[in-house]
Amino acid sequence: MSETGVQVARRRLGRTGLEVSELGYGSWGLGGGQWLGQDDEEGLRALNRGLDLGINFIDTALAYGSGHSERLVGQVLAARPGEAYVATKIPPKNGEWPGRGDVSVEDVFPADYVIECTETSLRNLGLEQVEVQQLHVWHDNWLDGSWREAAEQLKRDGKVRFFSVSIDAPEDALEVVRAGAVDTVQVVYNIVTASPADELFGVCAANDVGVIARVPFDEGSLTGKVTPETEFEAGDWRNLYFTPEVKADRWERVQGIVSELGIELDELPELALRFCLSSAEVSTVIPGMRKVRNVEANVAAAAKGPLDAQTLEVLAKYRR
């Protein structure tokens with residue numbers, strides 16, 4: 001039990017057998033670069049606070065701030081060894097996001113590159129092994145490639161326990177799951193982007209593959225703080241995501257949710273997080289948390305458990 005009296009529940013991460021906190025720690029924002037306004041000291045305090053409150057799963061990536069996120073995670077874990085499982089990611093060698101099926105997998109994830117990136121991440125993290133290594137983009141056309149031999153070698157060498165993929169389109173990972181080539185799948189899943197539940201979740205459950213749900217707040221729109229008038233700093237990647245059309249669309253959906261459920265706008269983040277945890281197939285959800293107050297609010301929200309069926313029925317109207 002944490003010092004606040006709130007216990008972060010655990011869920012099984014598929015066939016890995018790892019018992020992970022259902023609220024994980026997404027550390028993209030810690031890397032800086034793409035997300036502006038990050039303060040390293042506050043980020044370190046937030047991550048430590050998450051561990052204090054029972055979070056034991058941290059997701060990072062080599063591409064987050066060119067390794068800066070990994071180094072911050074490593075700094076925390078050096079002082080708190082063994083308190084958290086770590087998942088990281090290998091960026092595409094060709095630099096293309098998302099992955100394209102008409103590109104050869106050997107141009108994106110050749111074996112030597114997979115091993116090289118993993119070793120770089122281990123140095124950044126100060127670890128000898130990560131629990132989960134993920135290909136940061138994916139397409140099912142890449143199922144047969146030298147990356148699979150590299151993954152097995154990394155496991156044999158004790159540098160990686162489990163190997164996985166992080167995806168954008170849920171339909172692009174059905175075959176890699178069915179083939180038994182991955183142990184988990186990380187995917188965007190939230191009230192607006194709910195399509196992973198249509199087929200992918202069932203395929204993952206049938207093959208005992210853990211699901212890591214990311215972007216529960218739709219990059220901020222489901223916090224109620226992104227309006228049609230919202231502007232982001234020059235250089236912040238959210239300028240690419242939140243076009244004027246997207247901002248207007250999301251604000252309209254948010255207003256509909258708030259009105260139909262009779263809630264206040266500031267209750268929306270809790271609702272969004274609990275939506276993700278309402279799917280039994282989700283092993284952990286990994287919101288970005290750059291401030292202590294975000295960590296504490298999300299831990300409290302997760303502790304309230306899944307949403308009721310009536311609320312989920314209303315929210316289903318607001319998916320894309």
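Author: The model discussed here is a predicted one.

Reader: How far apart in space are glutamate 252 and aspartate 102?

Author: In sequence, glutamate 252 and aspartate 102 are separated by 150 residues. In space, taken from C-alpha to C-alpha, their separation is 36 Å.

Reader: Are α2 and α3 roughly parallel or oblique to each other?

Author: Helix α2 (residues 68–79) packs against helix α3 (residues 111–125) with axes 7 Å apart and an angle of about 45°. Angles under 35 degrees would count as roughly parallel, and 65 to 115 as roughly perpendicular. The relation of α2 to α3 is therefore oblique.

Reader: How many charged residues does the contact of α2 with α3 have?

Author: On the α2 side stand Glu70, Arg71, Val73 and Gly74, which meet Ser121, Asn124 and Leu125 in α3. By class, this contact has 2 nonpolar and 3 polar residues, and the number of charged residues is 2.

Reader: Which hand does the crossing of α3 and α4 have?

Author: Helix α4 comprises residues 147–156, and α3 packs with α4 at an angle of about 40°, their axes being 7 Å apart. As α3 passes α4, the crossing is right-handed.

Reader: How many nonpolar residues does the contact of α3 with α4 have?

Author: From α3 the contact draws on Ala111, Val114, Ile115 and Thr118, and from α4 on Trp147, Ala150, Gln153 and Leu154. By class, there are no charged residues and 2 polar ones, while the nonpolar residues number 6.

Reader: Which strands are the edge strands of the open sheet?

Author: The open sheet has 8 strands with parallel pairing, in the order β3-β4-β5-β6-β7-β8-β9-β10. An edge strand pairs on one side only, and this applies to β3 (25–26) and β10 (282–285).

Reader: Which residue in β7 stands opposite glutamine 133?

Author: Strand β6 (residues 130–135) and strand β7 (residues 160–167) pair in the parallel sense over 5 bridges. Helix α3 lies across both of these strands and β5. The residue in β7 opposite glutamine 133 is phenylalanine 163.

Conventions: Residues numbered from 1 in each chain as written. Predicted model: local features only at pLDDT ≥ 70, side-chain atom pairs only at ≥ 80, totals over all residues. Heavy atoms only, no water. Axes fitted to C-alpha atoms, helices over the stretch in contact; angles between N-to-C directions. Helix = DSSP H or I, 4+ residues; strand = E, 2+ residues; numbered from the N terminus. Parallel < 35°, antiparallel > 145°, perpendicular 65-115°, else oblique. Contact = heavy atoms within 4.5 Å. Nonpolar A, V, L, I, M, F, W, Y, C, P; charged D, E, K, R; others polar. Left-handed = near helix turned anticlockwise from the far one by under 90°. Pairing = 2+ DSSP bridges.
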